Amino acid sequence: MKLNVGSIDRALRIIIGIVLIALAATNTVGWWGWLGIILLLTGLFRFCPLYRMLGICTCPISNKN
């Protein structure tokens, strides 16, 4: 799996993901808050399938795989 999420992008995804999950768990926002799980996972694994489909890479690390 080729990394395509950079450091700043990763940090923002993790923070926003946690906030959305917390808001959904406390019923502050609707069901869409659970979409924060996707942001959290893509931040933790440093891989975003949507970025891959669009050819976007915010990761400065060059992967040869």
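The sulfur of Cys57 lies 5.4 Å from the closest cysteine sulfur, which belongs to Cys59, and this is too far for a bond, a disulfide being a pair of cysteine sulfur atoms within 2.5 Å. Accordingly, a search of the whole structure finds zero disulfides, and Cys59 is in none, with the sulfur of Cys57 as its nearest cysteine sulfur. This is a predicted model, in which local features need pLDDT of at least 70 and side-chain atom pairs count only at pLDDT 80 or more, while totals for chains, interfaces and linings use all residues. Residues are numbered from 1 along each chain as its sequence is written, and side-chain values use heavy atoms, with hydrogens and water left out.

- Cys57 counts as partly exposed because its relative accessibility is 46%, where buried means under 20% relative accessible area, exposed over 50% and partly exposed in between, with a 1.4 Å probe and protein chains only.
- Cys59, by contrast, counts as buried, because its relative accessibility is 7%.
- Ser7 and Cys59 stand 52 residues apart in sequence, yet their C-alpha atoms are 7.1 Å apart in space.
- Ser7 has its place in helix H1 and counts as exposed, at 52% relative accessibility.

**Overall architecture**

- The protein chain comes to three helices and zero strands, where helices (H or I, at least four residues) and strands (E, at least two) are DSSP runs numbered from the N terminus.
- Read from the N terminus on, the elements of the protein chain run α-α-α.
- The C-alpha trace of the protein chain spans about 45 × 20 × 15 Å along its principal axes, and 31% of the 65 residues of the chain count as buried.
- Of the contacts in the protein chain with a separation of 6 or more, 64% are accounted for by residues 24 or more positions apart, a contact meaning heavy atoms within 4.5 Å.

- The structure holds one salt bridge, defined as a side-chain nitrogen of Lys or Arg within 4 Å of a carboxyl oxygen of Asp or Glu.
- In this salt bridge the side chains of Arg13 and Asp9 meet at 3.1 Å, N to O, and both Arg13 and Asp9 are buried.
- Arg13 and Asp9 both lie in helix H1 (residues 7–25), four residues apart, which is about one turn of the helix.
- An α-helix has 3.6 residues a turn, so residues three or four places apart point the same way.
- Arg13 also lies over the face of Tyr51, at 4.8 Å from the ring centre; a charge sits over a ring if NZ of Lys or CZ of Arg is within 6 Å of the ring centre and within 35 degrees of the ring normal.
- The count of aromatic pairs comes to zero, the rule being that rings of Phe, Tyr and Trp (its six-membered ring) pair if their centres lie within 6.5 Å, with planes under 30 degrees apart counted as stacked, over 60 as edge-to-face and the rest as tilted.

- In helix H2 (residues 36–45), Gly36, Leu40, Thr42 and Gly43 are buried, and what covers the buried residues of H2 includes H1 and helix H3 (49–54).
- H2 is followed by Arg46, whose phi is positive, near 60°; Arg46 lies in the loop between H2 and H3 and is buried, with a relative accessible area of 16%.
- Asn27, a residue other than glycine, likewise has a positive phi near 60°; Asn27 is found in the loop between H1 and H2 and counts as exposed, at 67% relative accessibility.
- Most residues other than glycine have a negative phi.

**Annotation from the record**

- An unreviewed UniProt entry carries the annotation "transmembrane region" for residues 7–25; in UniProt annotations used here, positions follow the present numbering, feature names are shortened, and annotations may be inferred rather than shown by experiment.
- In the model, the span of residues 7–25 is 100% helix and 0% strand, and its end C-alpha atoms lie 27 Å apart.
- The UniProt annotation "domain: Inner membrane protein YgaP-like transmembrane", also from an unreviewed entry, covers residues 1–60.
- Over residues 1–60 the chain is 58% helix and 0% strand, with end C-alpha atoms 15 Å apart.
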